[in-house]
Amino acid sequence: MGDSGESGRGRVTAGGLVAMKKRGEKIAVLTCYDYLFARILSESEIDVVLVGDSLGQVVLGHDSTLPVTLDDMIHHAGAVRRGLRGPMLVVDMPFLSHQVSDEDALRNAGRVMRETGAEGVKLEGGGASVRDRVRVLVGSGIPVMGHLGLTPQSIHGLGGYSVQGREKEEADRLLREAAELEAAGCFSIVLELLPTALADEITRSIGIPTIGIGAGPRCDGQVLVLPDMLGLNPVFRPRFLRRFAELGEAARDGIAEYVRAVKAGEYPGAAESYEG
Ligand code: KIV
């Protein structure tokens, strides 16, 4: 707890999320990339806001997360920080910002924390080098969220956006990696595109919260990409995605009505104009 968010509750912390898991309280997470949506999210009961490197596709128009740079992440995370009050702010470490060496990872994560006011970073993957990075960052006071399953920064190695962990050997590896990330000091782990039973087994096998996306209902929390769940991205329709609003349609209607009103000479009216 600490200063109060717009929704009136205290600040969410890494320790608070672990306590939520212990109490069996579900954790709600959404991504965000800008100031205006950060303000809207601050009025909700959302627990964590993630500036994801999905920024690459949903904001910058790339076809993967690979082109996203550390400077892109810092630019957008800074805007989110200026609008966000209450939820914990976590920022993705983009491709090659943490894979090269411990020193590089610490320098880059340090920039994210110092220049954006983030309260944690997220690293993809579960191999030995990722665990070393987690230890170094956590040892330096930087809370780290892990990310297992479909890890988009490795998309070319994985061979496509498909459900992971269907084979026993791979499922066993993911179970082991989740335990190792917890031991390395992660405060939570995103599980992306896993069968429900495997995500459930991982969730029950570790003491830190799992946050699922396409990993079924038994994770400790859920995360979605904000423009996708608000219906702003008409072409993206995976099975796991529920659209909670249709803002794309509302935006199209509003823009069409504006164009009509301007062309008809109806906008601006007298009440929208300054006399004298
Ligand atoms: O980049 C992102 O938005 C993410 C979430 C989907 C977890 O990593």
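Visitor: Where do Asp104 and Arg107 lie?

Guide: Both are in helix 5, residues 102–116, with helices (H or I, at least four residues) and strands (E, at least two) taken as DSSP runs numbered from the N terminus. Three residues, about one turn of the helix, separate Asp104 from Arg107. This is a predicted model, with pLDDT of at least 70 needed for local features and 80 or more for side-chain atom pairs, while totals for chains, interfaces and linings use all residues. Numbering runs from 1 along each chain as its sequence is written, and side-chain values use heavy atoms, leaving out hydrogens and water.

Visitor: What does Asp104 form with Arg107?

Guide: A salt bridge, with the closest N and O atoms 2.9 Å apart. The term stands for a side-chain nitrogen of Lys or Arg within 4 Å of a carboxyl oxygen of Asp or Glu.

Visitor: And how many salt bridges does that rule count?

Guide: The count is 19.

Visitor: Switching to the ligand, which residues are around it?

Guide: Among them are Thr31, Leu50, Gly52, Lys122, His147 and Val190, where a residue qualifies if one of its heavy atoms lies within 4 Å. The shell has five nonpolar, four polar and three charged residues.

Visitor: Which side chains have an N or O atom by a ligand oxygen?

Guide: Ser54 does, at 2.5 Å, and so does Asp92, at 3.1 Å. Asp53 also has a polar side-chain atom 3.1 Å from a ligand oxygen.

Visitor: Okay, what joins Tyr267 and Pro268?

Guide: A cis peptide bond, with omega about 0 degrees. You'll find Pro268 in the segment after helix 11 (247–263).

Visitor: Last one: is phi of Leu96 positive or negative?

Guide: Positive, near 70 degrees, and Leu96 is not a glycine. Look for Leu96 in the loop between strand 3 (88–92) and helix 5.

Key: Polar contact = N/O pair within 3.5 Å; in protein donor to acceptor, adjacent residues only side chain to side chain. Nonpolar A, V, L, I, M, F, W, Y, C, P; charged D, E, K, R; others polar.
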